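Here are my notebook entries from a browse through this model.

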Amino acid sequence: MNIQDEFVTTLINCWAELGICHAVIAPGSRSTPVALGLLRDKRISVHTKLDERSAGYVALGIGLRTGMPAVVVTTSGTAALSLYPSIAEASLSRVPLIAVTADRPNDLHGVGAPQTLDQDGIFSKFTRWEISWPPPTKSDEYAWESLGARSFFEAMYGGEGPGPTHMNLAFREPLLGKDQISQKIVTVPIFIRGQKSARLGDLELDSIFCPGGKGVFVLSSNCGLKDPSKLIDLADKLSWPVVAELTSGLRRGYQNVIEHADLLMKVKEIADDLVPDTIVAFGTQTSSKATNSWMKSSEAQGSQIIFVDPYWRFGDPDRIASRIFDCDPDDFIGQVSLLIEKFPDNSEEMVQMETPGGNGSWLSSWLEYDQKAEEAIEKATELSLSPTGPEVARALYDSLPEGSSVLLASSMPIRDANWFVHAKSTRIDSFSNRGANGIDGLISTSIGLSIGQNSMDYKSPVAVLIGDLAFLHDISGLVQLSGQAGEINPIVLVVVDNAGGGIFSFLPQAEILEKSEFEALFGTPHDHEIDEISKGLGHKAVVVNTMAELNEVFSEVFYKKTLFLEDQPCVQVIRVKTYRENDVDFHRQVVELLGSSIR
């Protein structure tokens with residue numbers, strides 16, 4: 001075994017010892033030592049993708065679902081640069097990932113060697129840790145185990161939270177040794193990161209969390225909670241509502257959780273009536289413009305805004321925070337729970353909380369408005385004559401089997417789901433790529449989610465709510481999947497096809513610009529038959545034109561187990577034809593119905 005193989009074997013054994021189970025490899029010559037070593041180590045499942053950009057997003061999806069980094073491997077040159085979008089998303093979404101790019105030795109740089117560019121620090125703006133390592137020698141063998149371990153621990157516990165690490169490894173020819181062993185005994189250094197305590201003891205918080213206070217908990221997708229039930233218990237004790245994004249893990253039918261907060265904030269009378277004394281926000285700013293605007297307006301009216309984030313990211317672009325706690329959110333909740341237990345059991349105060357103007361009526365107001373929003377959605381659905389994005393989102397969540405996962409695409413799908421879905425199940429997990437908010441790599445991310453879900457012994461499907469442009473953006477993700485039903489969980493791609501960029505119809509450009517200008521730059525209509533494209537790549541695909549047809553297809557796909565047959569492709573594409581103007585009208589109608597119900 002040559003020195004390069006020894007080096008690679010050490011790294012791989014460190015990763016395996018630390019629990020890494022997956023590697024995603026894009027084919028290439030210079031990366032042969034790493035790729036072959038991973039393939040021969042049976043503790044790590046290898047997944048091959050032709051497209052490096054897609055490979056990066058598959059690794060991202062694995063980390064998103066499992067909370068453990070996958071290793072993604074590319075060869076040198078532009079192949080390495082193709083990882084940039086997924087690494088940026090992993091950084092901003094706090095998803096662990098280990099990127100390994102192969103490189104040529106320094107003596108081949110700057111002299112015209114093919115497939116060679118300066119890869120040192122190419123992802124430095126987004127990595128938790130990175131290193132460029134020259135061709136290994138016996139003199140640096142002492143450091144190999146530390147390198148493997150650090151690439152893992154920085155990805156898991158970096159100072160800015162979980163995220164990507166990058167190892168740029170130079171290899172000399174010959175790249176293939178005669179004997180490459182896959183396992184050896186390694187001593188893995190252990191990095192220990194302590195929990196950040198909230199340390200609330202010296203702060204005067206009694207007035208904020210005292211019984212009778214009008215407060216709200218707001219949770220973004222990266223809220224950082226490990227045990228959401230503790231927050232629900234605290235909210236129940238305080239009689240505070242919880243405004244939570246679907247991807248926060250809190251929209252599971254809990255009593256205090258408000259399902260349609262974004263809609264409530266669209267009606268001025270409701271937003272004005274729901275101005276709190278205190279807002280405690282976990283994580284960074286939410287993906288909802290309506291909720292963020294309400295928080296900003298509330299601050300202007302005297303509300304105290306508190307952000308709790310363990311990674312000190314200052315996720316407050318509106319500059320409304322009066323306090324920012326750099327601490328573990330679960331610890332913060334635990335200390336607040338202990339604090340309120342010290343309040344005297346005042347029976348008169350408890351009665352006050354149940355009377356008009358007391359805290360009980362504060363929570364009741366939120367719940368009553370939320371119910372009116374649900375009724376407005378149901379009424380608009382009855383009046384709808386053709387499928388719309390919000391209706392598709394609701395139908396999907398109503399149809400999913402317990403234990404399923406949903407990937408919500410950026411643009412309109414995540415907004416439609418957050419605004420209109422009434423999440424009743426306690427066992428449906430929602431995910432999104434909302435770090436950089438791009439529409440790239442979503443199909444590939446869902447493949448990673450499915451791989452991760454399968455490795456966790458969850459056999460339920462992964463559904464993707466995605467627009468037509470986002471689907472077309474990542475078609476390469478559908479390559480090399482047919483016939484893999486036993487290796488990854490079934491994937492159901494629900495494509496809301498409105499023949500273009502639907503979100504722009506909600507923006508001022510749609511009203512200000514001439515229609516021809518708007519369509520050319522923003523609407524971007526196309527004539528691609530998404531179902532036929534999918535079939536051409538070996539996948540099942542159907543087209544539906546009505547909600548009745550869609551519900552029938554959901555029943556067939558999710559409950560008659562047609563996706564679980566080993567001799568069938570593991571991907572089902574459901575193309576739902578919608579119209580952009582109808583989506584805009586549905587949103588407007590729901591807000592109008594909600595407003596009318598309170599006047």
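I counted a disulfide as a pair of cysteine sulfur atoms within 2.5 Å. This is a predicted model, so to speak of local features I need pLDDT of at least 70, and for side-chain atom pairs pLDDT 80 or more, while totals for chains, interfaces and linings use all residues. Residues are numbered from 1 along each chain as its sequence is written, and side-chain values use heavy atoms, with hydrogens and water left out.

**Entry: cysteines.** I searched the whole structure and found zero disulfides. For C14, the closest cysteine sulfur is in C21, 15 Å away and too far for a bond. For C570 it is again C21 that holds the closest cysteine sulfur, at 20 Å, also too far.

**Entry: cavities.** I used a 1 Å grid over the protein atoms alone, where a cavity is a set of points that a 1.4 Å probe fits but cannot leave, and lining residues have an atom within 4 Å of a point. Points are joined across faces, edges and corners, and the volume is the space filled by probe spheres set on them. I got four cavities of 30 Å³ or more.

Definitions and conventions. On a 1 Å grid over the protein atoms alone, a cavity is a set of points where a 1.4 Å probe fits but cannot get out, and a pocket is an open set with protein on both sides within 12 Å along at least five of seven lines; lining residues have an atom within 4 Å of a point.
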